[in-house]
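Please keep the model open alongside the text.

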Amino acid sequence: MEPQLLDTVADGVATVVVHHPAKRNAMTAGMWRALPPLLDRLAADPAVRALVLTGEGGTFCAGADISTLRESPGEAQEWAGLAEEALAAFPKPTLAAIRGHCVGGGAQLAAACDLRFAEEGSLFGITPAKLGLVYPSSSTRRLVTLVGPATAKYLLFSGELIDAERALRTGLVDEVLREGELDERVAEFTRVLVSRSQLTQAAAKEFANGRTDRDAHWAEQARGSGDTAEGVAAFLERRQPRFTWTV
């Protein structure tokens, strides 16, 4: 099978799989270019309430396919940056489910997700210093926001890999699961995400990402959504709420 991004939608969750097992799911130029329109399609699908990004088999993503950097590294980095920003801008909750290597461009993609769950034994690295590349400023700022400047500099200056436990301590990942438990935990947590108010999630995502000019917009959305009334009624009636606001 050709290197590609595979996607499915089930029970409100879109799953995007990086599929290039011959090269540990390295991202080709075509895969970088394919990600933004794929995300646009899934964002516009009312059946999608959350998105999971993962890799085929036992590896999340080993980075960019280095062979694509030989002729035009600047262009390849540009496509990677556009894909990363499209993922960060996805209007619904996103979660990276990580096994094995999450390195280089793979770490860029994982960092662009809202949350990261990893299996024990996973390895993480930011490796442009091994290739003489300049890591984009937006990617660097996102990394610093997650792990702080000291850990960001450690990763960027050295290109060394860290294990899942250290990634958890530094804030690079949110949960570490024992081998064999990742899929079950991701399914359990995405069921929670799907059951919650998209209004709350969409506003919280914008605010957490630094938007400071949309308070009035979201207040208006809340007034007209019916989600608050439904949430209060469901709480008082001791039942699951049926939220209706959609992105």
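Gln-198 counts as buried, because its relative accessibility is 3%, where buried means under 20% relative accessible area, exposed over 50% and partly exposed in between, with a 1.4 Å probe and protein chains only. The model is predicted, so local features need pLDDT of at least 70 and side-chain atom pairs count only at pLDDT 80 or more, while totals for chains, interfaces and linings use all residues. Residues are numbered from 1 along each chain as its sequence is written, and side-chain values use heavy atoms, with hydrogens and water left out.

**Surroundings of Gln-198**

- Gln-198 lies in helix H8 (residues 198-208), where helices (H or I, at least four residues) and strands (E, at least two) are DSSP runs numbered from the N terminus.
- Leaving aside neighbours within four places in sequence, Gln-198 is in contact with Arg-49, Lys-92, Asp-227, Trp-245, Thr-246 and Val-247, contact meaning heavy atoms within 4.5 Å.

- Six of the six residues of strand E3 (residues 50-55) are buried, so E3 is largely enclosed by the rest of the structure.
- Ala-50, Val-52 and Thr-54 point one way from E3, whereas Leu-51, Leu-53 and Gly-55 point the other way.
- Strand E2 (residues 13-19) runs parallel to E3 and is joined to it by six bridges, two strands being paired if DSSP finds at least two bridges between them; Val-18 stands opposite Gly-55 in E3.
- E3 also pairs in the parallel sense with strand E4 (residues 94-98), over four bridges, and the bridge partner of Val-52 in E4 is Leu-95.
- Together, E2, helix H1 (residues 29-44) and E3 make a right-handed β-α-β unit, right-handed meaning that, with the strands pointing away from the viewer, the path from the first strand over the helix to the second runs clockwise.

**The open sheet E5-E7-E8**

- Three strands form this open sheet in the order E5-E7-E8, with mixed pairing.
- Strand E5 (101-103) and strand E8 (162-163) stand at the edges with a single partner strand each, so one side of each is left without a neighbour in the sheet.
- E5 pairs with strand E7 (residues 123-125) in the parallel sense over three bridges, and Phe-124 in E7 is the bridge partner of Cys-102.

**Charges over rings**

- The charged end of Arg-33 sits over the ring of Trp-79, 5.6 Å from its centre, the rule being that NZ of Lys or CZ of Arg is within 6 Å of the ring centre and within 35 degrees of the ring normal.
- The charged end of Arg-166 sits over the ring of Tyr-154, 4.3 Å from its centre.
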